[in-house]
Amino acid sequence: MNEQGKKVIFSGVQPSGKMTLGNYLGAIKSWTNLQNEYECFFSMVDMHAITVPQDPEVLRNQTIELLAQFIACGIDPEQNTIFIQSHVHQHAELNWALCTMTYMGELNRMTQFKDKSKKSEANLNAGLFTYPVLMAADILLYQADLVPVGDDQKQHLELARELANRFNNKYSETFVVPDGYFPKGTARVMSLQEPLNKMSKSDSNENGYILLAEDEKTTIKKIKRAVTDSIGEVNYTDEQPGLKNLINIYSAISDKTVEDIVKMYEGKGYGAFKGDMAEVVVEKLRSIREKYKYLLENRDYLEQIYVKGAQKAEVRAEKTLKDVYDKIGFIPRKF
Ligand code: TYM
């Protein structure tokens with residue numbers, strides 16, 4: 001809780017590619033629903049992004065594009081603190097302190113590390129291994145009560161909770177122990193081509209994902225090509241994972257319940273379902289896409305936001321870091 005008695009949210013997205021519909025429905029949409037109730041810190045986590053190879057110029061562009069997408073999706077920059085992770089040096093510092101309290105075995109168990117290390121054996125760097133500790137530092141610096149994320153971050157969030165408890169027990173009450181917040185139905189949006197895998201911006205098959213910033217025709221084409229099954233009836237079951245995923249997306253975007261959608265398509269085929277669904281998705285994304293384009297032409301405005309954001313974030317982060325340094329026995333700086 002902050003000094004005004006409001007609970008605090010922290011969440012972040014890596015500027016390591018284009019934002020997908022999975023990012024939007026798994027995380028950003030929750031942020032927009034929660035922003036009025038909580039004090040929110042939202043970050044473009046560029047330090048996490050460099051755990052896999054990045055082109056410097058592309059990374060810079062993607063960081064700004066991500067900020068524009070946050071705002072285009074409805075995150076209010078006046079009300080929330082939006083900042084670039086590397087602008088607040090306390091993240092790297094708390095990361096180090098927490099690394100010294102994290103067991104190798106805990107990091108070895110992380111499924112995302114196992115998956116990513118399979119994909120990038122040539123660049124198996126230590127940063128990729130300690131990535132979840134930096135994520136814990138992000139969250140704990142702001143004394144966050146709630147962390148709205150997709151399902152794939154559950155294990156990382158567990159570590160953040162564990163480290164908060166470990167530190168509190170070893171020294172004294174220092175960190176809030178954060179809870180996760182996972183949206184119903186869309187905490188794991190699946191690939192449109194391989195519905196047993198997560199929708200991911202790093203998928204080599206671009207028909208598997210929908211990008212917030214692609215054109216309408218492409219989105220419609222991808223939905224129409226989405227893999228379903230040969231059953232031919234619109235049901236919501238695990239035997240029809242492709243369809244189940246499409247219904248979840250349709251439901252989240254239209255705010256219709258799953259039951260309503262299944263009923264609407266009783267006796268109709270997948271063609272009618274996909275056609276309507278594509279229309280609903282495109283309609284929803286249209287205003288986001290228009291706003292995004294407009295914002296990207298207003299770089300000065302975006303710069304003001306991330307400068308102000310980092311200044312605000314740093315004050316809060318420093319307060320926590322000072323407390324941590326004091327407790328672990330560092331001599332305070334007198335200069
Ligand atoms: P990242 O950048 O991979 O994804 C950003 C957010 O989108 C969610 N997400 C999904 N949700 C549902 N279905 C999907 N297919 C899907 N794909 C992605 C992610 O769960 C995430 O919420 N480690 C984080 C970034 C991070 C962070 C943090 C998050 C760094 N520090 C502190 C919260 C708090 C990540 O890689 O997200």
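## Overall fold

The protein chain holds 13 helices and five strands, taken as DSSP runs (H or I of at least four residues for helices, E of at least two for strands) and numbered from the N terminus. This is a predicted model, in which local features need pLDDT of at least 70, side-chain atom pairs count only at pLDDT 80 or more, and totals for chains, interfaces and linings use all residues. Residues are numbered from 1 along each chain as its sequence is written, and side-chain values use heavy atoms, without hydrogens and water.

## Size and packing

A compact globule of 335 residues would have a radius of gyration near 20 Å, and the 21 Å of the protein chain agrees with this. The radius is taken over C-alpha atoms, and the globule rule is 2.2 Å times the number of residues to the power 0.38. The C-alpha trace spans about 75 × 45 × 40 Å along its principal axes.

Among contacts (heavy atoms within 4.5 Å) with a separation of 6 or more, 77% link residues 24 or more positions apart. Of the 335 residues, 50% count as buried, that is, under 20% relative accessible area with a 1.4 Å probe, protein chains only.

## Strands β1 and β2

Strand β1 (residues 8-13) runs parallel to β2, and six bridges join them; strands pair if DSSP finds at least two bridges between them. Ile9 stands opposite Cys40 in β2.

In strand β2 (residues 39-44), six of six residues are buried. In a regular strand the side chains alternate between the two faces of the sheet. Glu39, Phe41 and Ser43 point one way from β2, while Cys40, Phe42 and Met44 point the other way.
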